[in-house]
Amino acid sequence: DGSSLYSEDAWPLMALISSDGRLSAFGFVFPDGGSLTSAKYKIGNLAAGTYTAVAIAGGFSPQSAIVTIGAGAMVKDFVLTKGSSVSGRVKNAAGSAVNGATVRVAGASIDKAVGTNSEGYYLIEGLSPGKVSLSASAQGYTTTTRELTIEKNRSYAADFSLAPAGGIIGRIKVLGAPWQGALAIAISKDYSTVRKTLTDADWTY
């Protein structure tokens, strides 16, 4: 509500996508005082919840961000840059988000890594054309890698599902209720190997 977006020389478009993948709202961004360097956007009448805000302008890499709408107005600014981008979500075999997973893109002219947020989402921007390797990794999971051919000023989507690395995956409830921070321990038969971890926000380990 009342945020700004700078795109140099193109008419930007804002869109909001709900958590179930539906387009909730969209509209063009109009210049403030005749200059797009101070363009403003405002999207109102939104139900409370989590959305993906997407900023798009011709000749620029689209940008997205996870926003949570509450009772009051919130501000989210975007600065669009030249280049391509790749974004997506990392989940585990149970379908839960993997928080803090590392997503890396590597190629002849780039080696960049980012971490996923609490909902498993990531975004890598400023990619140049060419073939790259895109991988997702996290402690306790097998690294997954795929190849991408990046074209100029394009936005790519790449989701990952990580399998346990020879381990155990599950959820812990205490008295029937989900429990974050519960301790899970695995001990080998001869007691030579001990592994322990805590359940995360969605009570998985």
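Me: Where is Leu 183 placed?

Reply: Leu 183 is in strand β19. A strand here is a DSSP run of E, at least two residues long, numbered from the N terminus. The model is predicted: local features need pLDDT of at least 70, side-chain atom pairs count only at pLDDT 80 or more, and totals for chains, interfaces and linings use all residues. Residues are numbered from 1 along each chain as its sequence is written, and side-chain values use heavy atoms, with hydrogens and water left out.

Me: What makes the nonpolar surface patch?

Reply: Leu 183, Ile 185, Ile 187, Tyr 191, Val 194 and Leu 198 make it, with about 650 Å². Patch residues have over 30% relative accessible area (Shrake-Rupley, 1.4 Å probe). Nonpolar side chains (Val, Leu, Ile, Met, Phe, Trp, Tyr) are joined within 5 Å.

Me: Which strand gives the most to the nonpolar patch?

Reply: β19, with three residues. β19 (183–187) and β20 (194–198) each supply at least two.

Me: How do you know that β10 and β11 pair?

Reply: Pairing takes at least two bridges found by DSSP. Five bridges join β10 (residues 102–107) to β11, so the two count as paired. They run antiparallel. Thr 102 stands opposite Gly 115 in β11.

Me: Why is one side of β11 left without a neighbour in the sheet?

Reply: The open sheet has four strands in the order β11-β10-β13-β14, with antiparallel pairing. β11 (111–115) and β14 (144–150) stand at its edges; each has a single partner strand, so one side of each lacks a neighbour in the sheet.

Me: Which residues lie nearest the centre of the second largest pocket?

Reply: Thr 52, Ser 64, Ser 87, Gly 88 and Tyr 121, out of 21 lining residues. The largest share of that lining, five residues, comes from β9.

Technical notes
Patches are made of residues with over 30% relative accessible area and no salt bridge: like charges are joined within 9 Å, nonpolar side chains (Val, Leu, Ile, Met, Phe, Trp, Tyr) within 5 Å. A salt bridge is a side-chain nitrogen of Lys or Arg within 4 Å of a carboxyl oxygen of Asp or Glu. On a 1 Å grid over the protein atoms alone, a cavity is a set of points where a 1.4 Å probe fits but cannot get out, and a pocket is an open set with protein on both sides within 12 Å along at least five of seven lines; lining residues have an atom within 4 Å of a point.
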